[in-house]
Amino acid sequence: MEWIPYLFLAGFVIFMANKMLPVKGLKNLNPDDVKQLLKKPQGHVFVDVREPFEYKRGYIKGFQNIPLRVLRERIHELDRKKPIVLTCQSGMRSRQAAKLLKKQGFTNISHLRTGMSGWDGNITK
């Protein structure tokens, strides 16, 4: 029975490692990359996966708010033919969103690797 705490610890470590590992095929963008893409927004779909209260505090103009917790139900709102650009607060939820989109057949996905915390451009409030 001494091994049970170690089993829980191993499970926790695996869970956390899975959250932190890179998503295969996900392109990491820096703020300057996103600024360039926003100059021609019709070519991409921009999605902010933060919660509405976070989005209302400040968002990047051109990004629509689809919180991660409801992304699966609202996936039909995304154009599969266009590249998807994701953001969140720090880059963690956007990676989770990318995993979900990959499982649903989306192939051209990128994210603002720093999230909003690294955004140095204009923010709409």
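This is a predicted model: local features need pLDDT of at least 70, side-chain atom pairs count only at pLDDT 80 or more; totals for chains, interfaces and linings use all residues.
Me: Hi! What order do the strands of the sheet come in, and is the pairing parallel or antiparallel?
Reply: The order is S1-S5-S4-S2-S3, in an open sheet of five strands with parallel pairing.

Me: Which strands stand at the edges?
Reply: Those are S1 (27-29) and S3 (64-65); each has a single partner strand, so one side of each has no neighbour in the sheet.

Me: And how many bridges join S4 to S5?
Reply: Three, between residues 84-87 of S4 and 109-112 of S5. Leu86 stands opposite His111 there.

Me: What does helix H2 lie across?
Reply: H2 (residues 31-38) lies across S1, S2, S4 and S5, and it runs at about 95° to S1.

Me: Switching to Arg50, where is it found?
Reply: Arg50 sits in the loop between strand S2 (45-48) and helix H3 (52-57).

Me: Buried or exposed?
Reply: Buried, because its relative accessibility is 3%, and the cut-off for buried is under 20%.

Me: Last topic, H5. Which of its residues are buried?
Reply: Ser94, Arg95, Ala97, Ala98, Leu100 and Leu101. In general, residues three or four places apart on an α-helix point the same way, because there are 3.6 residues a turn.

Me: What comes just after H5?
Reply: Gly105, with a positive phi of about 100°.

Methods:
Residues are numbered from 1 along each chain as its sequence is written. Side-chain values use heavy atoms; hydrogens and water are left out. Helices (H or I, at least four residues) and strands (E, at least two) are DSSP runs, numbered from the N terminus. Buried means under 20% relative accessible area, exposed over 50%, partly exposed in between (1.4 Å probe, protein chains only). Two strands pair if DSSP finds at least two bridges between them. Contact means heavy atoms within 4.5 Å. Axes are lines fitted to C-alpha atoms, for helices over the stretch in contact, and angles run from 0 to 180 degrees between N-to-C directions.
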